[in-house]
Amino acid sequence: MDKQPRRLLVFLNLAQIRFPIGAIASIAHRVSGVLLFIALPVLAALLDASLRSEAGFASVRGLLSSPLALVVSGVLAWALVHHVLAGIRHLLMDVGIGGELERARASARLVLLAAPALALLLLVWGLP
């Protein structure tokens, strides 16, 4: 019985792996879901603090007017919009709409381009 030589492990350079556009949209959908899950208790605590008293409202308002809060708001706006759009995309594909390769690629591109644009629109529209 011939023994085949053992193959050594191959180094995977993750920076060189090119994911398909659908995989990128799917991974971003999961990332946005995790971000929303993590943000939900924080947002609930901020809402609770703002509703307890006038001083609590003023402190939350001051906290949310910082530049860091604007960045966090932008990321959360993107997460919300992307998660909704990608969720609709996945639901449509589950019922057999847009499952063909070219349409799936096109819908992934649309989600990846529309989510940041709509998030920016939400931020601009929501700023005082």
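A pocket, as the term is used here, is an open set of grid points with protein on both sides within 12 Å along at least five of seven lines. The model under discussion is predicted. By that definition, the second largest pocket holds about 180 Å³ of space, and the largest pocket about 870 Å³.

**Pockets**

The lining of the second largest pocket consists of Leu85, Ile88, Arg89, Leu92, Met93, Ile97, Gly98, Arg103, Ser107, Leu110, Val111 and Ala114. Helices α3 and α4 are the elements that give two or more residues to this lining. By class, the lining of the second largest pocket comprises eight nonpolar, two polar and two charged residues.

For the largest pocket, 27 residues form the lining, and those closest to the centre are Leu43, Leu64, Ala69, Val72 and Ser73. At least two lining residues come from each of α1 (21–52), α2 (54–64), α3 and α4. The class division of the lining of the largest pocket is 23 nonpolar, four polar and no charged residues.

**Helix packing**

| Helix pair | Angle between axes | Axis separation |
|---|---|---|
| α3 and α4 | about 150 degrees | 8 Å |
| α1 and α3 | roughly 130 degrees | within 8 Å |
| α1 and α2 | about 135 degrees | 6 Å |

Helix α3 spans residues 67–94 and helix α4 residues 101–126. Angles over 145 degrees count as roughly antiparallel; α3 and α4 are therefore roughly antiparallel to each other. Their crossing is right-handed. On the α3 side, the contact is made by Ser73, Gly74, Ala77, Trp78, Val81, His82, Leu85, Ala86, Arg89 and Met93. On the α4 side, the residues in contact include Ala104, Ser107, Ala108, Val111, Leu112 and Pro116. The contact of α3 with α4 is made up of 17 nonpolar residues, four polar and one charged.

How are α1 and α3 oriented to each other? The angle of roughly 130 degrees between their axes makes α1 and α3 oblique to each other. The crossing of α1 and α3 is left-handed. From α1, the residues that meet α3 include Gly22, Ala25, His29, Leu36 and Leu43. Their partners in α3 include Val75, Leu80, His83, Gly87 and His90. The contact of α1 with α3 divides into 12 nonpolar, nine polar and one charged residue.

Helices α1 and α2 have axes 6 Å apart, at an angle of about 135 degrees, and α1 is therefore oblique to α2. In this contact, Leu46, Ala49 and Ser50 of α1 meet Gly56, Phe57, Val60, Leu63 and Leu64 of α2. The contact of α1 with α2 contains six nonpolar, two polar and no charged residues.

Notes. Residues numbered from 1 in each chain as written. Predicted model: local features only at pLDDT ≥ 70, side-chain atom pairs only at ≥ 80, totals over all residues. Heavy atoms only, no water. Axes fitted to C-alpha atoms, helices over the stretch in contact; angles between N-to-C directions. Helix = DSSP H or I, 4+ residues; strand = E, 2+ residues; numbered from the N terminus. Parallel < 35°, antiparallel > 145°, perpendicular 65-115°, else oblique. Left-handed = near helix turned anticlockwise from the far one by under 90°. Contact = heavy atoms within 4.5 Å. Nonpolar A, V, L, I, M, F, W, Y, C, P; charged D, E, K, R; others polar. 1 Å grid on protein atoms, 1.4 Å probe; cavity = no way out; pocket = protein on both sides within 12 Å on 5 of 7 lines; lining within 4 Å. Points joined across faces, edges and corners; volume = space filled by probe spheres on them.
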